[in-house]
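Please keep the sequence and the model in view while reading.

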Amino acid sequence: MSSVNKSGTYKLGDRSVRRLGYGAMQLAGKGVFGPPKDHDAAIAVLREAIAQGVNHIDTSDYYGPHVTNKLIREALWPYPDDLTIVTKIGARRGEDASWLPAFTADELEHAVHDNLRNLGLEVLDVVNLRITFGMHGPAEGSIEAQVTKLAELQRKGLVRNIGLSNVTRAQIQEGRKICDIVCVQNQYNLAHRDDDALIDELARHGIAYVPFFPLGGFGPLQSSTLSGVAERLGATPMQVALAWLLRRSPNILLIPGTSSVEHLRQNLAAAELELADEVLAELEGVTRAA
């Protein structure tokens, strides 16, 4: 059995995916801008992910821009029947590599068509609306107009399922009044746990939670406790961090990213790591110290 299979499965709208997937952001160039440093290595990572049993890939057409989606199409099309590709809209890239909001109805529709074209699809499995009201995390503000536009594109048959990214609890509630929300993507990891209560609430409603920066973000998680646990278990600190997330709640879906086949295999092997109750209690200290 592949390591990925041991992660279990969870529903993502009308799809069922393995809980350990792959995030394609790091396949683009430095700063998620421009082409990859090594094109063939990027293709190899995507193909290895599928070979290892991954059936959930997270991407966006503003990675690059247009770079990761074209790589996914080149590497994997025609796609396996069980592969679910999740993309994001709501932002664009400036010529200076800046991240800019792209939130008007026309911009959202244009982004959906860009994703369809560059991925080579007729319908997108899941589209996450990325909310960019806050520079450093979720910020309040109505998303009614944007979710309404996505729901319109869903009725037209261009989008199968809708999710939200970088959102508050109030925005999730607002979105759910307009259409079914199948997943939420927010920052969450062993040391950044603002969404603890939200994760449990979403689980009660059967909504997937997909943490971005599951391994710490632009710098990896640093903790003597985490390193000590990993050493005792014969694992890497990042494998322990991923295994903790899998144990945290059954509705958590993981999309760790990498541009290395070796690192990909290490991440996926986290599904085989067993964390005893006393280890989980010890890891709680990472959160308290953060």
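## Pocket

On a 1 Å grid over the protein atoms alone, a pocket is an open set of points with protein on both sides within 12 Å along at least five of seven lines, and a lining residue has an atom within 4 Å of a point. Grid points are joined across faces, edges and corners, and a volume is the space filled by probe spheres set on the points. The model is predicted, with local features needing pLDDT of at least 70 and side-chain atom pairs counted only at pLDDT 80 or more, while totals for chains, interfaces and linings use all residues. Residues are numbered from 1 along each chain as its sequence is written, and side-chain values use heavy atoms, with hydrogens and water left out.

The second largest pocket holds about 270 Å³ of space. Its lining comprises 16 residues, and H66, A91, R92, H110 and D114 are the ones nearest the centre. Two or more lining residues come from each of β5 (84-89), β6 (91-93) and α3 (105-119), helices being DSSP runs of H or I with at least four residues and strands runs of E with at least two, numbered from the N terminus. The most, 5 residues, is given by α3. By class the lining has 6 nonpolar, 4 polar and 6 charged residues, where Ala, Val, Leu, Ile, Met, Phe, Trp, Tyr, Cys and Pro count as nonpolar, Asp, Glu, Lys and Arg as charged, and the others, Gly among them, as polar.

The axes of α5 (residues 169-176) and α6 (residues 196-204) come within 11 Å and cross at roughly 20°; axes are lines fitted to C-alpha atoms, for helices over the stretch in contact, and angles run from 0 to 180 degrees between N-to-C directions. The two helices are therefore roughly parallel, a term for angles under 35 degrees. In α5, R169, I172 and Q173 meet L198, E201 and L202 of α6, contact meaning heavy atoms within 4.5 Å. This contact divides into 3 nonpolar, 1 polar and 2 charged residues.

A search of the whole structure finds 1 cavity of 30 Å³ or more, a cavity being a set of points where a 1.4 Å probe fits but cannot get out. The largest cavity has a volume of about 40 Å³, and R169, I172, R176, L198, E201, L202 and H205 line it. Both α5 and α6 give two or more residues to this lining.

## Helices α1 and α9

The axes of α1 (residues 39-51) and α9 (residues 261-268) come within 9 Å and cross at roughly 25°, which makes α1 roughly parallel to α9. From α1, A44, V45, E48 and A49 meet V261, L264 and R265 in α9. The contact has 5 nonpolar, no polar and 2 charged residues.

Note on methods:
Parallel < 35°, antiparallel > 145°, perpendicular 65-115°, else oblique.
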